[in-house]
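Trainee: I am new to this structure. Can you show me how to read its features, one at a time?

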Amino acid sequence: MLVSPMRLLLRVMPLVIVLDMPKLEYIGSGAFTSTKITDAYFSNAEYIGSKAFQWIKTLKSVVLSKASRLNGYTFNSCYSLTTVNIPKVSIIGAYDFDSCYDLENLNAPLVESIGAYAFRSCHRLDTIDFEKVSYVGGHAFAGCLLTKAV
């Protein structure tokens, strides 16, 4: 069986898919579930539906500049996700980052509420800013290596 040069190249160099959608204001439930996105930048999206980015095994970084809440399972099982910048989010819903094994860098300075299982099995997450947090749901950090809470 012959393998095309392009297929061989894709095996050697993974495809990089960057979403930069500055005008998008609404991301519906399951909008990008199971896609091959590697990086996502949404400077204008205010609404993020549940499961919007669930099961994206290739996703590494996300910026949601205007979103004020995550609605559950948003990044669930995004195993390769390392960096998340959600500066205006005040509510992280249930299972939002569950099984994001590689999550290390989380910028979420306004978070007040963290839902159940929100960060379960985020093995590399070791620091979280609790300055404004008034609610943490059950098992929110189960399986994390949290060593510092500020």
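Mentor: Start with a definition. A salt bridge is a side-chain nitrogen of Lys or Arg within 4 Å of a carboxyl oxygen of Asp or Glu. Keep in mind that this is a predicted model.

Trainee: How many salt bridges does a search of the whole structure find?

Mentor: The search finds two salt bridges. One pairs Asp98 with Arg120, and their closest N and O atoms are 2.9 Å apart. Asp98 sits in the loop between β8 and β9, and Arg120 in the loop between β10 (113-114) and β11 (127-128), so the pair ties together parts that are 22 residues apart in sequence.

Trainee: Is Asp98 buried or exposed?

Mentor: Asp98 is buried, with a relative accessible area of 4%. Arg120 is partly exposed, at 28%.

Trainee: Which residue forms a salt bridge with Arg124?

Mentor: Asp102 does, with the closest N and O atoms 3.5 Å apart. This pair also links distant parts of the chain: Arg124 lies in the loop between β10 and β11, Asp102 in the loop between β8 and β9, 22 residues apart. Arg124 is partly exposed, with a relative accessible area of 48%. Asp102 is partly exposed too, at 25%.

Trainee: Now the sheets. How do I read them?

Mentor: Strands of a sheet pair through backbone hydrogen bonds, either parallel or antiparallel. Here, five strands form an open sheet with parallel pairing, in the order β1-β3-β5-β7-β9. β1 and β9 (105-107) stand at the edges with a single partner strand each, so one side of each has no neighbour in the sheet. From one strand to the next, the twist averages 5 degrees.

Trainee: Which strand does β1 join, and over how many bridges?

Mentor: Strand β1 (residues 18-20) joins β3 (residues 39-42) by three bridges. Within β3, Tyr41 is the bridge partner of Asp20. Go on to the pairing of β3 with β5 (residues 61-64), which has four bridges. There Tyr41 stands opposite Val63.

Trainee: In what order do the strands of the four-stranded sheet run?

Mentor: The order is β6-β8-β10-β12, in an open sheet with parallel pairing. β6 (69-70) and β12 (135-136) are at its edges, each with a single partner strand, so one side of each lacks a neighbour in the sheet. Two bridges join β6 to β8 (residues 91-92). Leu70 stands opposite Ile92 in that pairing.

Trainee: What about cysteines?

Mentor: A disulfide is a covalent bond between the sulfur atoms of two cysteines. A search of the whole structure finds zero disulfides. For Cys122, the nearest cysteine sulfur is that of Cys144, 4.9 Å away. The cut-off for a disulfide is 2.5 Å, so a pair must lie within that distance to count. Cys122 is buried at 0% relative accessibility. Cys144 is buried as well, at 15%.

Trainee: Which residues make the nonpolar surface patch?

Mentor: Val16, Val18 and Tyr41 make the patch, which covers about 260 Å². Val16 is in the loop between α1 (5-12) and β1. With 58% relative accessibility, Val16 counts as exposed.

Definitions and conventions: Residues numbered from 1 in each chain as written. Predicted model: local features only at pLDDT ≥ 70, side-chain atom pairs only at ≥ 80, totals over all residues. Heavy atoms only, no water. Pairing = 2+ DSSP bridges. Axes fitted to C-alpha atoms, helices over the stretch in contact; angles between N-to-C directions. Buried < 20%, exposed > 50% of the residue type's maximum accessible area, 1.4 Å probe, protein only. Patch = residues over 30% accessible without salt bridge, like charges linked within 9 Å, V, L, I, M, F, W, Y side chains within 5 Å. Areas by Shrake-Rupley, 256 points an atom, 1.4 Å probe, with all protein chains shown as cover.
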